[in-house]
Amino acid sequence: MTHLDNLENNSIHILREAFNRFGSLCMLWSIGKDSTVLLSLARKAFFGHVPFPLVHIDTHFKIPEMIEYRDRLALEWHLDMVYGENTRALESRLTFPDGNVSRIECCRNLKTTALQKTLSGEWPRYRMNHETACYERDKNTEPYTGVIVGIRADEEGSRSKERYFSPRDDNNDWDIGDQPPEFWGQYKTDFKPGTHIRIHPLLDWTELDVWEYIRRENVPVVSLYFDRGDGKRYRSLGCLPCTTPVDSDAKNIDDIIEELKTGKFANIAERSGRAQDKEDGGGLEELRKDGYM
Amino acid sequence: MDICDFHERKEMNIVIVGHVDHGKSTVIGRLLADTGSLPDGKLETVRELCRRTSKPFEYAFLLDALKDERSQGITIDTARCFFKTELRKYIIIDAPGHIEFLKNMITGASRADAALLVIDANEGICENSRRHGYMLSMLGIKQIAVLVNKLDLVPRSERQDVFGKIMSDYSVFLSQVGITPSCFIPTSAYMGYNIAARGDEFPWYDGVTVLKALDSFAESSPPDDLPFRMWVQDVYKFTNENDNRRIIAGSVSSGSLCAGDEIMLLPSGKKTSVKSIEVFNEPPKSSVSRGYAAGFCMTEQIYAKRGELISIIGQKPPMYGSKIKASVFWLGSEPFSPEKPYKIKLGTAQTGCRLDSVSSVFDASTLEKLERKHIKRHEVADCVVRLDRPIAFDTAAENPETGRFVIVDGYEISGGGIITGAVGDESADEKLMLRNIKWIKSSITAHERGQYYGQRSQLIIITGKTQTDKKSIARTLEKRLLDEGKIAYYLGIGNLLYGVGSDIKSANSMYSAKERHEHIRRLGELANIMLDAGNIMIVTANELDSDELDALRQIITIDAILTVWVGNDVNRIRDFDLCVADGADASDKIYDALEG
């Protein structure tokens, strides 16, 4: 078994465990490379099917190509696609690009709060109708009790403390100091009503693993990750105003893998192009407690 | 060294354990610094910082400094850090030494292939030195190097004796818990003696350095001659998406499975064989082995349930039962006590359980064996656990992955255990298991019999409220099937009550829960024989609920069962394959839903 086989099979086991244990389960799909790898793993785990909805939190500041790619893949792979948003903040322009709030505050409004309210079913969810290829208001308002998320332990400090199955209480609080033990492939799948569990099948993967897997499995990724002639590419995808491309002439997956291996980015964080990480020292851990991905 | 081929090299997870303040962080700091795994300039920055704050430089500060910089993307955190040698890449799991964090230590250590156990030469063997040693043994980590650290602080003339004493005392302890350490290494992580390079300080020592000890560990791959084991994790039937496969999914715990293999599921004792190994988006496979998250289709459809253990007929079968002997470690704040109900999770099997009896509790601080009725937090004990339902398992000594379990108290995983043996017991489920195992098979397979009769045996269970006319529906369906040349037979449960069930029948027959249960069991057994004979069986009974349907599915070995509720009760839709309104066309609707 190769290193990638090992990671793949462990992640599939976790996905299947989540599917079996949680009646109201969803997977967050950020359209980025990690959650798209997760989606590919789900198709393998369930032999070509994805038996739960994919939830995307649309900030409406995403790079347009991402949304186009999302809907194309949703149709092609018959995905049960759902999106949610913070309509109120968008309408009253409580966003960073509108100049009314800080970057962190904007993340809180458009991502964290939108995510919490979409997961809980308090705010409208929009579900793709595969016959018309349009989104319609989802009748299902049941809260999701299991949420699959594509985070990796090597991404950023607070993520390294996560478990594969990580509980959040009714205030979405994450008690970092007192996490459940996890051993012998046994996870926390029992939970009090009102709480929910985040499931992290990619926890052991690194950025390099993700790209090597994308190459091996031909996972379709959005072309923003590649240099398209201007010597720049996105290493991590987020909202247009807060994500800057890095200088790189990596034009394809092989180039990216080469770049990661030969050390050009070896000591530079993947999220270094994400402005909100820098604005506030412990901010991300705080946001993560509140449910930020 | 070529960085490109470095990623192709193997990875090894190492956990570093020991009592608090025995020098784990310093060992890690040294390993990172001496293998050149630190970012450029880091060491100098920390030295400079120490100089300015008038603190003596310590390698342990490196860890703290790196932790502060995690958000700038350096791959280190409280749990893991990375370094590499010529041989391979290491992930060091830094397990907390404080007793309060035992559950974190276990979480980290359970992912490790080998361990470094650090003992302070001055303080000697402490409570957690023993407790961690014990935990490593229970977690199944066999490769351990013991570092007798801070030996530079011992007067030069006494060093060899101090080292020798700790080595002999700790070896005796480890042998009691079944561990033979790979080596004992005298070290000073602070000074860097015997970490990456040998020092001249301990001239009487001619063994390996810590780095060499790490490189000498074998990548843990348990012997592959173990019999095949796989827990049924789930059964997939995505028929709503026009996929007619019924796939048994699970991860292979040991051995390997090939298409064509004859298999048995325990505790049900049901048997079938593997038709095909299923894959998606990869070349077809004819076999799967340990570690693969697999899936396969069966030749004969049996009702398989999550939590059953699959083995190959002809290989050594697992044990099964509802009482197990085990060594248990307890993490819960409330003690593990015989008065309270718990849940046990073993592989994907899960059932209620109770602590039956405790034979001895092991006290890590005094090394004494205590007699007590319950097991307190951070204790290890030998005990018997009684399960609500039998499950299949191996002893941990024979097959680690199918011989260990966790205990859930309320919503929390509160303990773990390894199975040392089974205690004999005879419950109804075990009788059923025995029936399947002892079943005398005809030389005609179900498939062949089906060809003789031109049909597959099938069971149609029709139920509903008392006032619905299930009998007429069953009779009409029976007639239609016979008219088409099928061999069908209708059996109402009433036909059993005064004959097969006469020994237990009372005046209120089906209204007493216990009696009703036994009548249904007998109906199931009779139907099972009729189905084995190749018939299409139609049975009727009043108001069967989902538990009773489940009991019938357990008794009946084939998986061609159609459950029908007669009546317009929306809340029944979940439990039944089909809901039909009472009336003339009900039997046609059932007919249309039949397989084939």
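How much area do chain B and chain A bury between them, and what percentage of it is on carbon and sulfur atoms? The answer comes with View 1. This is a predicted model, in which local features need pLDDT of at least 70 and side-chain atom pairs count only at pLDDT 80 or more, while totals for chains, interfaces and linings use all residues. Residues are numbered from 1 along each chain as its sequence is written, chains are lettered from A and ligands numbered from 1 in the order in which they are written, and side-chain values use heavy atoms, with hydrogens and water left out.

**View 1. Where chain B meets chain A.** The two chains bury about 5,100 Å² between them, 52% of it on carbon and sulfur atoms; buried area is the accessible area (1.4 Å probe) that two parts lose on being put together, summed over both. In contact here (heavy atoms within 4.5 Å) are 65 residues of chain B and 49 residues of chain A. Six salt bridges are counted between the chains, each a side-chain nitrogen of Lys or Arg within 4 Å of a carboxyl oxygen of Asp or Glu. A:Lys44 and B:Glu282 form a salt bridge, with 3.7 Å between the closest N and O atoms.

**View 2. The open sheet of chain A.** Follow the eight strands in the order S5-S4-S3-S2-S1-S6-S8-S7, with mixed pairing. Helices (H or I, at least four residues) and strands (E, at least two) are DSSP runs numbered from the N terminus, and two strands pair if DSSP finds at least two bridges between them. Strands S5 (134–137) and S7 (165–168) of chain A each have a single partner strand, so one side of each is left without a neighbour in the sheet. From one strand to the next, the twist averages 35°. Strands S6 (residues 146–148) and S8 (residues 196–199) of chain A run parallel and are joined by three bridges, and A:Val147 stands opposite A:Arg198 in S8(A).

**View 3. Helix H2 of chain A on its sheet.** Helix H2 (residues 33–45) touches strands S1 (25–28), S2 (54–57) and S6 of chain A, and its direction makes about 140° with that of S1(A). Axes are lines fitted to C-alpha atoms, for helices over the stretch in contact, and angles run from 0 to 180 degrees between N-to-C directions. Now look for the salt bridge between A:Arg152 and A:Asp34 (2.8 Å, N to O). A:Arg152 lies in the loop between S6 and S7 of chain A and A:Asp34 in helix H2 of chain A, so the pair ties together parts that are 118 residues apart in sequence.

**View 4. The parallel sheet of chain B.** Five strands make an open sheet in the order S24-S25-S23-S26-S27. At its edges are S24 (488–492) and S27 (578–580) of chain B, each pairing on one side only. Six bridges join S23 (residues 458–464) to S26 (residues 561–566) of chain B, and B:Ile462 has B:Val564 as its bridge partner in S26(B). Helix H11 (residues 470–483) of chain B lies across S23, S24, S25 (536–542) and S26, running at about 175° to S25(B).
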